[in-house]
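Here is a short briefing for a first look. Keep the structure open beside the text.

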Amino acid sequence: QVQQNVERLFTRFVEEGKATVRLREPAVDLCLSKANVINLKTFLSAMRLAHQGNDTGVLPLSPLVPAKNSDVEKPKTKMIITSRRDYPLTKSFPFSLEHLQTSYCKLARIDTRVLCLKKLRKLDLSHNHIKQLPATLGDLVCLQELDLHDNHLEAFSGALCSSGLQKSLQFLDLSQNQIQALPIEFCQLRGLVQLRLDDNALLRLPCRIGQLSRLRFLSAARNKLPFLPSDFRKLSLENLDLFGNPFEQPNPLVPNIQLKIPLTLLECAARATVNHRIPYGHHLLPSHLCKDLEVAKTCRCGSACLSSFIQITVTMNLHHVAHTVVLVDNMGGTEAPILCYFCSLDCYSQFLDRHLQSNG
């Protein structure tokens, strides 16, 4: 189908027997090369007329000769560029690409031409100077692997976490950047299997990290993590690396008391909403209340607490959540501090009694 289906004709090198016809449906580029210049011009004229719905019978088209297999160029699915010199500045990337690597190209941002490659499954932008990720990166709905290793990123936006990447993204490498925190929405990337966060400036991991149920490989070595979120207990990993973080020494006897007695009406309502799984949404509550409910803390007794709680850190052996654990420190340890919450003085007292009894 040609009528109203030609998006653009590229004829800059027609005198060399080269041209490209970009179709809308299917979204492909037809690359013509080594063609007879006169025949090529006639063919392009016919394409223009057919696209406009005009009669092509007035043109002297040459008879079609079946092309040999050796003459047909297969759609390009992989392109690897590892230097600034080889980076294409004047011509487009093939729309058929499924794997694109542009490393060591000194890119300060992601090329908008890359964001049009809807078939991309693997995108490697490592070893560049990228500072920010465009929201349109989430439009690459087939993207399974994204490598942003060794860039200048300071954040990973929540908009990307709420995009089509939720279902498709399986491998994400954000190591060697300048990220201090990941957004609450990060844990919506439920398809993640492998996540690398090494050599950043992370002060905490996402509080709902336990929602990443498919995650099997997690590496967050050489960051600034003082402790792990309580939700970390829900992970089921094959390999875990947290080496080189300045973990604090847990002390259950020194609690951080944020408990407000009596509880505010807001706290009571929030606890009831979470405990009884009462449906809520932006159509019922202000957006900031919805976000607070989404990150409600869970007491050891199973009840929820919002802004009124007692917080401590306790020791967790990382083998409880991972089959293989890289040593946390040079002393051979595989334990790390993890946050623990209590909804009341009664719950904290019961924990404290058990803790003191177990420690003699």
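How far apart do the C-alpha centres of domain 1 and domain 3 lie? They lie 65 Å apart. This is a predicted model: local features need pLDDT of at least 70, side-chain atom pairs count only at pLDDT 80 or more, and totals for chains, interfaces and linings use all residues. Residues are numbered from 1 along each chain as its sequence is written, and side-chain values use heavy atoms, with hydrogens and water left out.

**Domains**
- The protein chain is assigned domain 1 (6–52), domain 2 (78–224) and domain 3 (256–316 + 337–358).
- These bounds come from an automatic or database domain assignment.

**Aromatic pairs**
- Rings of Phe, Tyr and Trp (its six-membered ring) pair if their centres lie within 6.5 Å; planes under 30 degrees apart count as stacked, over 60 as edge-to-face and the rest as tilted.
- The count by this rule is 5 aromatic pairs.
- The ring centres of F156 and F186 are 5.8 Å apart and the planes stand at 75 degrees, so this pair is edge-to-face.
- F156 is in the loop between β7 (145–147) and α2 (158–161), and F186 is in the loop between β8 (171–173) and β9 (194–196), so the pair ties together parts 30 residues apart in sequence.
- Helices (H or I, at least four residues) and strands (E, at least two) are DSSP runs, numbered from the N terminus.
- Both F156 and F186 are buried, meaning under 20% relative accessible area with a 1.4 Å probe, protein chains only.
- F309 and Y341 also pair edge-to-face, at 5.4 Å centre to centre and 85 degrees between the planes.
- F309 sits in the loop between β14 (304–305) and β15 (310–317) and Y341 in strand β17 (residues 335–342), so this pair ties together parts 32 residues apart in sequence.
- F309 and Y341 are both buried.
- One aromatic cluster is formed by F342, Y348 and F351.

**Second largest pocket**
- A pocket is an open set of points on a 1 Å grid where a 1.4 Å probe fits, with protein on both sides within 12 Å along at least five of seven lines; lining residues have an atom within 4 Å of a point.
- The second largest pocket is lined by 29 residues, and C207, R208, S230, D231 and Y341 lie nearest its centre.
- β17 gives the most to this lining, with 3 residues.
- Domain 2 (78–224) and domain 3 (256–316 + 337–358) each give at least three residues to the lining.

Key. Buried < 20%, exposed > 50% of the residue type's maximum accessible area, 1.4 Å probe, protein only.
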